[in-house]
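This report describes how a ligand is held in a protein model.

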Amino acid sequence: HAKRNPENKYVFYDGEMRERSGFTLGLESDLRRASGGNEFELHFQPKIDLAANRTIGAEALIRWRHPVRGMVSPAEFIPLAEETGLIWEIGAWTLIESCRRLADWIRRDLPIPSVSVNLSPRQFQDARLVGFVRSVVESAGIPADRLELELTEGAMIGDIEKAVTILNGLKDIGVRLSIDDFGTGYSSLAYLKRFPIDTLKIDRSFVRDIVKSTTDPAIVGTIVNLAESLGFDTIAEGVETQEQADMLRQQRCTRIQGYLISRPLPIDQFETFLGNSVVPA
Ligand code: C2E
Ligand code: MG
Ligand code: MG
Ligand code: MG
């Protein structure tokens, strides 16, 4: 029972993995069907600037309403979509749908400065990416700088020259770029300064223990200083409590995203959230 992994080596499944592979096998054919159908939907989670007291954007997060299994988490099916190559089709849908939503919100004058969309490593490495993003932005008729793409450090390791070329191609379109889950990957400072990105998203793991930890406030402060030196913004993800928000503010990170503000919301609830924002964007 062997399977090729990306490095072309064979990996042997243990019992637990074999069980999981049976599970994912069913899921894979379902995912194939879902990719062409209408089982996906997008939820939007607000991003807030505490200093300016306003909504600065929202992250689009995909949801899969499986007819039998119910809601399947993206943490479960995005890796599978990457493995099987279905990620291109799914990612295309997410991008088109996100831009269409944003265009609608702009038309209706809702106070939402930007929408961000996650790109997984295989999408990032796909030769069609830059051309595709350009055409989706143009078709939607949105200002490019109101779309942000979130990339993980993992997407950019390997061939750094190639990554920089792709990033520059995206930047030429005018979209904004952020590094997601920052601090958990392998970015070296030498690479980071070459990336034409706008924002570092401080990983949830540094936020989770920031109130009790003796080290995490310093780590967050260091990331904020680093970002400032390189001309990037920062935002903290996974902020659940007021205490965490206060600690982040002490480290001069005033942009936050997390359950403290709101869970990711279905469209109608997200629009209600925007309607209730105290300060218009
Ligand atoms: P991510 O991009 O880092 O997204 C943040 C995740 O943290 C989301 O999980 C969000 O619901 C969750 N989260 C937000 N605030 C809090 C909080 O205060 N506490 C906790 N514990 N969690 C919080 P979700 O929606 O399950 O997505 C998981 C991952 O799946 C995302 O991580 C992203 O890597 C991937 N993903 C989601 N949608 C897409 C998509 O459309 N395309 C691609 N390629 N990947 C996606
Ligand atoms: Mg993200
Ligand atoms: Mg993240
Ligand atoms: Mg994260």
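Which strands and helices each supply at least two residues of the shell around ligand 1? They are strand S4 (54-66), helix H2 (74-84) and strand S8 (176-182), where helices (H or I, at least four residues) and strands (E, at least two) are DSSP runs numbered from the N terminus. The model is predicted, so that local features need pLDDT of at least 70 and side-chain atom pairs pLDDT 80 or more, while totals for chains, interfaces and linings use all residues. Residues are numbered from 1 along each chain as written, chains are lettered from A and ligands numbered from 1 in written order, and side-chain values use heavy atoms, without hydrogens and water.

**Shell and contacts**

Ligand 1 is surrounded by 22 residues, each with a heavy atom within 4 Å of the ligand; the closest are Asn118, Asp180, Arg204, Glu240 and Tyr259. S4 gives the most to this shell, with four residues. By class, the shell comprises seven nonpolar, seven polar and eight charged residues.

| Side chain | Ligand 1 atom | Distance |
|---|---|---|
| Arginine 63 | oxygen | 2.8 Å |
| Glutamine 123 | nitrogen | 3.1 Å |
| Arginine 204 | oxygen | 2.8 Å |

On its own, ligand 1 has 800 Å² of accessible area (Shrake-Rupley method, 1.4 Å probe), and the protein covers 83% of this area.

**Pocket**

Ligand 1 takes up the space of the largest pocket, with a molecule counted as inside if more than half of its atoms lie within 2 Å of the grid points. A pocket is an open set of points on a 1 Å grid over the protein atoms alone, where a 1.4 Å probe fits, with protein on both sides within 12 Å along at least five of seven lines; lining residues have an atom within 4 Å of a point. The volume is about 970 Å³. Among the 36 lining residues, Glu59, Leu61, Pro74, Asn118 and Asp180 are the closest to the centre.

Definitions and conventions: A polar contact is a pair of N or O atoms within 3.5 Å; within protein, one must be able to donate a hydrogen and the other to accept it, and residues adjacent in sequence count only if both atoms are side-chain atoms. Ala, Val, Leu, Ile, Met, Phe, Trp, Tyr, Cys and Pro count as nonpolar, Asp, Glu, Lys and Arg as charged, and the others, Gly among them, as polar. Grid points are joined across faces, edges and corners, and a volume is the space filled by probe spheres set on the points.
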